[in-house]
Amino acid sequence: MQARDITGQTFNRWTALSKVIGTGRWLCVCTCGVQKEVLQSNLTTGKTTSCGCLKKELQTKHGDAGTPLYQAWADIKQRCTNPKSTNYKHYGARGITYSSEWETYVPFKEWAESEGYQEGLEIDRINNEGDYAPNNCRWTTRNLNLRNKRKDSNTSSKHRGVYWSNHANKWIAQLAGHRSTKRIGSFNDEIEAAKARDNFITNNNLQGYILNFE
């Protein structure tokens with residue numbers, strides 16, 4: 001299969017100049033002027049973003065390399081762009097990406113601090129089908145983040161807190177808590193199960209959960 005022609009295309013700080021014949025590499029130029037041969041797959045997946053100048057620049061500017069906040073930013077980019085990431089199938093493979101504003105760390109840090117970030121909090125997407133972006137993200141505790149998972153990992157349901165049980169031959173509605181999971185009931189219909197979960201949350205005035213139907 002012939003490799004895609006990416007001549008002149010820009011990937012982060014790299015611009016592809018010409019194909020290196022007989023290899024999967026391209027001669028690229030970084031925005032800082034350094035030229036280097038780079039694997040095409042590393043360019044297109046975002047595995048490499050620069051000749052190394054970006055990392056040095058960020059470390060010089062913020063000195064946050066290795067901190068939990070910096071790692072949160074780096075993890076977002078990995079799960080959205082790197083097919084080798086263990087979480088890529090849940091994010092990048094589903095078309096979820098991140099805001100261009102967060103291509104570099106400093107704007108992400110500024111947003112995080114303005115939104116009350118504290119060490120120990122996790123980033124959470126308000127709309128679990130949406131991208132990582134300032135208007136779709138917030139900081140929350142791990143417990144609340146787990147409560148609002150897109151869906152149970154062992155189900156084909158599109159709704160939170162609902163999964164199909166082969167044993168019961170029914171849809172199961174449940175609610176994840178801090179120390180345990182509350183089983184709400186079993187239902188013949190998936191939407192009925194999802195609504196039962198929502199009603200349980202509403203009737204008991206439970207806070208921190210995202211409803212399936214609002």
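Biologist: Where does Arg-125 lie relative to Tyr-132?

Modeller: A charge sits over a ring if NZ of Lys or CZ of Arg is within 6 Å of the ring centre and within 35 degrees of the ring normal. In this predicted model, Arg-125 lies over the face of Tyr-132, 5.2 Å from the ring centre. The charged end of Arg-79 sits over the ring of Tyr-91, 5.2 Å from its centre. Local features need pLDDT of at least 70 and side-chain atom pairs pLDDT 80 or more, while totals for chains, interfaces and linings use all residues. Residues are numbered from 1 along each chain as its sequence is written, and side-chain values use heavy atoms, without hydrogens and water.

Biologist: How many aromatic pairs does a search of the whole structure find?

Modeller: A pair of aromatic rings is described by the distance of the centres and the angle of the planes. Rings of Phe, Tyr and Trp (its six-membered ring) pair if their centres lie within 6.5 Å; planes under 30 degrees apart are stacked, over 60 edge-to-face, and the rest tilted. The search finds 11 aromatic pairs. One of them, Tyr-70 with Trp-73, is tilted, at 5.3 Å centre to centre and 55° between the planes. Ring pairs also link Trp-102, Phe-108, Trp-111, Tyr-117 and Trp-139 into a cluster.

Biologist: Are Tyr-70 and Trp-73 buried or exposed?

Modeller: Buried means under 20% relative accessible area, exposed over 50%, and partly exposed in between (1.4 Å probe, protein chains only). Both Tyr-70 and Trp-73 are buried. Helices (H or I, at least four residues) and strands (E, at least two) are DSSP runs, numbered from the N terminus. Both residues lie in helix α3 (residues 68–81), 3 residues apart, about one turn of the helix.
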